[in-house]
Amino acid sequence: MNIRTAHRDELPALQDLETAAGVLFRDIGMTDVADHPPPALEAFEEYRRDGRLWVSADEADRVTGFVLVELVDGAAHIEQVSVHPEHQGRGIGRELIAYVDQWAAGEGLAALTLSTFRSVPWNGPYYARLGFSELAGDELTPGLVRIQAAETAFGLDPAERIFMRRAVAGQ
């Protein structure tokens, strides 16, 4: 597996990958999440242009997953990690997060943060296995509070969402 910056011509494929990955949510009854459209091409391009969109690619250089990162209050906030269902279960998500960790260390960032669903097995429990810890409400930074408000305004139930953090390796 190779992890690299996304190419502009791959952005439509990232939308397709995100849509395919959303099917798993339909399988557990979260149809509103499954039906949510992927990020717009312009949003992907902004992440790509800013150097905060990486993809995993197979031996034929076909994209198998991606990760989007925002800078939030001195941390690398993992906005989205998606792996195509045909490639899940191979450690690709874990490798993408490890790549972000290395990048964050190089940027002098102290932590990785993310928000996710508390009880979805490939969300909260998965990230806990990767060393992320749930943040209590009073531990949320101002930027994370803004993300929480945006998620709530979007219609996500704050009781089902958690914010998690882990220190960057070597920090």
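The legends below describe close-up views of a predicted model.

Residues are numbered from 1 along each chain as its sequence is written, and side-chain values use heavy atoms, with hydrogens and water left out. Local features require pLDDT of at least 70 and side-chain atom pairs pLDDT 80 or more, whereas totals for chains, interfaces and linings use all residues.

**View 1. The largest nonpolar core.** This core has 23 residues, of which I78, L112 and F132 touch the most other members. A nonpolar core is a set of buried Ala, Val, Leu, Ile, Met, Phe, Trp, Tyr and Cys residues joined through side-chain atoms within 4.5 Å; buried means under 20% relative accessible area, exposed over 50%, and partly exposed in between (1.4 Å probe, protein chains only). Two or more residues each come from β3 (63–72), β4 (75–83), α4 (92–106), β5 (111–117) and β7 (161–167); helices (H or I, at least four residues) and strands (E, at least two) are DSSP runs numbered from the N terminus. The largest share, six residues, is given by α4.

**View 2. Surroundings of I78.** Beyond its neighbours within four places in sequence, I78 is in contact (heavy atoms within 4.5 Å) with V67, L68, I97, V100, L112, T113, L114 and F132.

**View 3. Surroundings of L53.** L53 belongs to strand β2 (residues 53–57) and is buried, at 0% relative accessible area. Outside four places in sequence, its contacts include R4, A6, L14, F44 and L68.

**View 4. The loop at H36.** H36 is located in the loop between α2 (31–34) and α3 (41–49) and is partly exposed, at 38% relative accessibility.
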